[in-house]
Amino acid sequence: MTKAPRDKRMTVDQIVGELEDGMTIGIGGWGPRRKPMALVRAILRSELEDLTIVSWGGADVGLLLRAGKVRKLVYAFVSLDSVPLEPNFQRARQAGAIPEVVELDEGMFQTGLRAAAQRLPFLPMRAGLGSDVLVNNPQLQTVTSPYDDAEELVAVPALHLDVALVHLNRADQHGNASYLGPDPYFDDLFCMAADRAYVSVEQIVDTAGLTVDTPVQRILLNRMMVAGVVETPNGAHFTTCTPDYERDEKFQKAYAAAAGGTDEDWAAFEERFLSGDEAAYQAAVRAFTEEQA
Amino acid sequence: MSDITRADVCAAAIADAFKDDGEIFASPMGMLPMLGVRLARLTSNPDLVISDGEALFLAGTPPLFAKADVVEGWIPFRKVFDVIAYGKRHVMMGATQVDRHGNQNISAIGDFAQPKRQLLGSRGAPGNTVNNRTSYWVPKHSPRVFVERVDVVSGVGPALAKQAGPAAARFNDIHRIVSNLAVFDVKGEGDTVRLLSVHPGVTVDEVREATGFELDAGDDVPTTRLPTTEELVLIREVLDPKALRHREVPVA
């Protein structure tokens, strides 16, 4: 029998079953773009708690906060773009409901992931100097250049992750994965900053299929970086997954209205969309879309 | 063209903020900054590099929110960070608060530990302000925006940058603050906000009243220039035929 690299296909619940209370979880994508929402929804359904979430945040962060899953949040922003302020994030912050908060500059966030991906304790950069990012995060230290310039820079600590969760357009069963939209975001960096990375995709194809009509440069994740892969069609909903689909603005509006509304509004949204499994969610979204048409 | 609106004046003032930048990446946040940058590219500074706000550099200069015609490059978020560090960029950001020393806040109102109002988060403001030229756009000038001291320092003004040391001050370059009332820089006494011009129909006293700190202003503050006929045609016929700019700065 011919030996082949191992098959890493899993279900969303198997992936979430690998997570533990208190873990540091990095979530790929950017704001309301290409977020691994099916995996986030599976966390909402789980018993997991006390998580540290590391994310350029969108509704992923808002949903996890509202479900009380987060002990510590590391972010540079949390936004839905067309709805600039994420209501669940706002609500949690204004209630003082997030025990630990680390707000970084968004470039500093990349530098921290890069340091972790390179197994370095820190990397230097200018971002943060003079700003309240250093005041509100007294754990952040500066480092002085050992060369003649002697510049004092921020020593951005490695943002090491226990687990990274990312969503791409296509993957093979081994975890090689490609993005087909305009921006890779930082999903490769998330995977390399993590002990284990799980990727959900719109479609699992055979390996040859990854490059049959697509330049090889679009393969962002190599299987070395990936522990598990799952096919979750529409799994980034309601964020973008260009070119498979764009953001579901109507749904996002309904989410934001419920999140920013009364407790009853939120309970109704939860009951309708988040009380069942991923298949039930997708069915409820289809019904919502038909209603709105 | 006697029916020049305040939004038209603001667009031209924003365009002027980018006219001497040469061949750099102009990053406007918000509608009027986008309009002003595109106006500059069609008039005073055709070398400006502009993007669709997502991942593409645009060879042409399309109207607000139109799709790209010809693309001239790729600028995903990771490369935006590269350009910030490289320095060839001028960003015009919004500001929920801006203070006497030109510090900006888009993070939170009130105490950071438990804010009265949580905003976006500091986004790229800390990095922008110590790496590349940064300007601010304020569509509704008021004492709630122009405050003595911002609640959270997201964008770093020149005084704080100098205090933080040479590595922070080296590339700190807060260029202009454009509001619906006036144009400012931060070259006032002790690195403070200084009034450069008031928009036509606005008095210096009105600006002072709408500003929550003592404003550095000379005795003879000029009036912001009116857009030229060419600029008005570009604004009205080419870049913003749907007059979206008046949603941000309403016609008085």
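In chain B of this predicted model, three strands make an open sheet, ordered β7-β6-β11, with mixed pairing. Its edges are β7 (104–105) and β11 (146–147), each of which pairs on one side only. Strand β6 (residues 97–99) runs parallel to β11(B), and 2 bridges join them. Within that pair, B:V98 has B:F146 as its bridge partner.

**Hairpins in chain B**

Further along chain B, strand β12 (residues 174–179) meets strand β13 (residues 182–188). The two run antiparallel and are joined by 2 bridges. They form a hairpin with 2 residues between them. Across this pairing, B:I177 stands opposite B:F184.

β13(B) also pairs with strand β14 (residues 192–198), again in the antiparallel sense, over 5 bridges. Here B:F184 stands opposite B:L195 in β14(B).

β5(A) is joined by 4 bridges to β7 (residues 152–157), which runs antiparallel to it. In this pairing A:P124 stands opposite A:A155.

| Strand pair | Direction | Bridges | Residues opposite each other |
| β5(A) and β7(A) | antiparallel | 4 bridges | A:P124 and A:A155 |

Most residues other than glycine have a negative phi, and most peptide bonds are trans. A:R119 is not a glycine, yet has a positive phi of about 60°. It lies in the loop between α5 (106–117) and β5 of chain A.

A cis peptide bond joins A:H237 and A:F238, with omega about 10°. A:F238 sits in the loop between β12 (228–231) and α8 (249–260) of chain A. Another cis peptide bond joins A:T242 and A:P243, with omega about 0°. A:P243 is likewise placed in the loop between β12 and α8 of chain A.

**Domains of chain A**

Chain A divides into domain 1 (12–106 + 159–247) and domain 2 (121–157). Their C-alpha centres lie 28 Å apart. The contact between them takes 4 residues from domain 1 and 5 residues from domain 2. The domain 1 side has 2 nonpolar and 2 charged residues, and no polar ones.

**Overall form of the chains**

Chain A has 10 helices and 12 strands. Its radius of gyration is 19 Å, close to the 19 Å that the globule rule gives for 293 residues, so chain A is as compact as a globular protein of that length. Its C-alpha atoms fill a box of roughly 65 × 60 × 35 Å along the principal axes.

Chain B has 9 helices and 14 strands. For its 252 residues the globule rule gives 18 Å; the radius of gyration is 18 Å, close to that value, so chain B is as compact as a globular protein of that length. The box filled by its C-alpha atoms is roughly 45 × 45 × 30 Å, taken along the principal axes.

**Where the chains meet**

The contact between the chains takes 36 residues from chain B and 36 residues from chain A. On the chain B side, α3 (77–86), β9 (117–118), α4 (125–129), α5 (158–164) and α6 (166–169) each supply at least two residues. By class, that side of chain B has 21 nonpolar, 11 polar and 4 charged residues.

**Confidence**

The model scores ipTM 0.95 and pTM 0.97. Chain B averages a pLDDT of 96, and 99% of its residues score at least 70. Where pLDDT is low, the predicted coordinates should not be read in detail.

Terms used: Residues numbered from 1 in each chain as written. Chains lettered and ligands numbered in written order. Predicted model: local features only at pLDDT ≥ 70, side-chain atom pairs only at ≥ 80, totals over all residues. Contact = placed C-beta atoms within 7 Å. Nonpolar A, V, L, I, M, F, W, Y, C, P; charged D, E, K, R; others polar. Pairing = 2+ DSSP bridges. pLDDT = per-residue confidence, 0-100. Domains from an automatic or database assignment. Rg over C-alpha atoms; globule rule 2.2 N^0.38 Å.
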